[in-house]
Amino acid sequence: MTETRFVGTDRYIATADLGMAVNAAITLGRPLLIKGEPGTGKTQLALEVSGALGRPIFEWHVKSTSKAQQGLYEYDAVSRLRDSQLGDPKVADIRNYIVRGKLWEAFDSETQPVLLIDEIDKADIEFPNDLLREIDRMEFYVYETRELVKARHRPIIIITSNNEKELPDAFLRRCFFHYIRFPDAETMEKIVAVHYPNLKKELLAEALGAFYKVRETPGLKKKPSTSELLDWIKLLLAEDIPPEALRSDDPKKAIPPLYGALLKNEQDVHLFEQLIFLNRRAR
Amino acid sequence: MLVRFFFDLRAAGVPVSITELLSLLQALEARVAYCSAEEFYWLARLTLVKDERHFDRFDRVFAEHFAGAERVFEKIVAEVPAEWLQMMAERLFTEEERAKAQALGSWDKLLETLRERLKEQKERHAGGNKWIGTGGTSPFGSGGYNPEGIRIGNEGQRQRRAVKVWEAREYRNFDDRRELGTRNLKMALRRLRKFARQGAADELDLDGTIDATARNAGWLDLKLRPERRNAVKVLLLLDVGGSMDDHIRLCEELFSAARSEFKHLEHFYFHNFIYETLWKDNRRRHSEKTATFDLLRTFNSDYRVIFVGDAAMSPYEILQPGGSVEHWNPEAGAEWMRRFTAHFPKLIWLNPTPEEHWGWTPSIRMTQELVEDRMFPLTLDGLDRAMAALRRKVLS
């Protein structure tokens, strides 16, 4: 018996509103569109939902060159052409040259699958529009073989977006929308706890303090997010840095150690160093 | 019951449609959310709002509409079987505790009491039944049990009866009527891109090849074509100094976004308004000047011209020869602007000051007339309109 409600897993902390969003999408069979700052676990969500509910997962990673058609199927005209010139008997049946896409695979799954359409905003502006009927009716038509492909079970569709392009209204209307907010300190503690259960209390408190301080620096181009924090803590553990080193009272070590894991932009590092310098002078 | 809420949302500028309202009702029917105003809020937001920029507007309407949250809240609670509530209460509290947790009466009274107690309370408090804190049976604070409680701060999976999460208005920053960052600017500017195939044919045209091969009765016929390149040319004219100091950061962001977005981007600076000279480098603005006439001659009319400035100055600086604050200008600024609009059919003015304030400054209205009403605010929405204006076909 598979689970039907999603409440997070032992590796993934889902806030109550996110859990409800996922459950509403499952109950009503609507695709769930997830947005949020980079590094807040958008893609991870689909993997965790599939893991927690024991469903197979199909991942479709969208690129700037992706076409909606590629998710359904592709007609490999070039190899058919080659085969025809070589006189291969396979050539007579067009079915040999229909390559299935992720959406088709998900439609064909034995149990209700989870389908992740990752970074839908990377694709061409028309991309979501081309998927309207497929997402609405969960079926599509293969023109080459004149067959209608229908989903055996309505997949749980999770779509992520980084907001690089606006998505069309008609598409949005068919989705549920959830924005993953940046976790507050309390949730963050839980998140760190599931990833590093043996972390010392003091180190965690100091690291979180330093982390939120960096995040609050005004004018950062790329604010560090959850995944950066986790990387940083991993480094701190690997280097065996004592919690006292993270306290910025000591003017010589005002910048948190290994901050390269948190700040990924040269200008940000400069800005941060400058601010620290000014702070020190003001004292 | 939700119809008025629906129309209020539309009036506030949240683009909701009937489909979304129906799916909310469907979700309520499927009992996705029950017995909690907080869950109802999340569900309503999940189904009705499709963009985090609208979250803030949604929160405001929600707060206004469900002020007190009595009507909807009670209606939802009424559908929950009484035994269920009973059971939950029994599991969490003893008989005695529950008796103490008597309701305080109406919502208004509750709020009033909260206000009073907030005034009285000086230190952290836990347990007990009067002060705001954690645990305990006071109507205020979190983690306790009181049928009419208000939750303050603290996210946890507790009794879930508190309202008012939406009043935090955490999504204020996402409203698109505010200004924007480099990334957003890039996205808006990107709409101006126009691709054209120019240069050497070095890319395999697969569709063309297949088509040609089919026409060739199956013998391969390779087709090549040139790569697609962005063909838009942009001339950016930026106001510096004086009243523009407040907007420097925004203009810098616009500039850096524009630079990476267009292949042909030329920029010049001016102070307050355009006169006979412009300059390219602010440090050497007095030694290296470019005559505006040269500029009009060098750049042909297929360049798109974007002015960025607040257009806040004395009207004389636009209308009078010699009106400039910095030097003696033989011809009025308005004259130069007319030459620009005549030479460049695709021209716009971006103004970093909020659109609502434009009417108050005579020089902004004048500039607006001079650029034939193609002045737009420097917000995401304004930039969208500006790019649309630049793309529009010009009738000549």
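Me: In this predicted model, what covers the buried residues of helix α14 of chain B?

Reply: The cover of those buried residues includes α12 (292-298), α13 (316-319) and α15 (362-370), which belong to chain B as well.

Me: Which residues of α14(B) are buried, and why do they line one face of the helix?

Reply: The general idea is that an α-helix has 3.6 residues a turn, so residues three or four places apart point the same way. In α14(B), which spans residues 333-343, the buried residues are G333(B), A334(B), W336(B) and M337(B). When the helix is viewed down its axis, these buried residues fall within an arc of 160°, and therefore they line one face of α14(B). R338(B) and A342(B), by contrast, lie on the other side of the helix and are exposed.

Me: Turning to chain A, what is the order of the strands in the open sheet, and which are its edge strands?

Reply: The five strands of this open sheet, paired in parallel, run in the order β2-β5-β8-β1-β9 of chain A. Its edges are β2 (57-61) and β9 (176-180) of chain A, each of which pairs on one side only. On average, and with direction ignored, neighbouring strands of the sheet are turned by 20° against each other.

Me: How many bridges join β1(A) and β9(A), and which helix packs on the sheet there, touching both strands?

Reply: Strand β1(A), residues 32-36, pairs with β9(A) in the parallel sense over five bridges, and G36(A) stands opposite I180(A) of β9(A). Helix α1(A), residues 16-28, packs on the sheet, where it touches β1, β8 (156-160) and β9 of chain A, and its direction makes about 160° with that of β9(A).

Conventions
Residues are numbered from 1 along each chain as its sequence is written. Chains are lettered from A and ligands numbered from 1 in the order in which they are written. This is a predicted model: local features need pLDDT of at least 70, side-chain atom pairs count only at pLDDT 80 or more; totals for chains, interfaces and linings use all residues. Two strands pair if DSSP finds at least two bridges between them. Helices (H or I, at least four residues) and strands (E, at least two) are DSSP runs, numbered from the N terminus. Axes are lines fitted to C-alpha atoms, for helices over the stretch in contact, and angles run from 0 to 180 degrees between N-to-C directions. Two residues are in contact if their C-beta atoms, placed from the backbone, lie within 7 Å. A residue is buried if 20 or more other C-beta atoms lie within 10 Å of its own, exposed if 12 or fewer, and partly exposed in between; C-beta atoms are placed from the backbone. The arc is that of the directions from the helix axis to the C-beta atoms.
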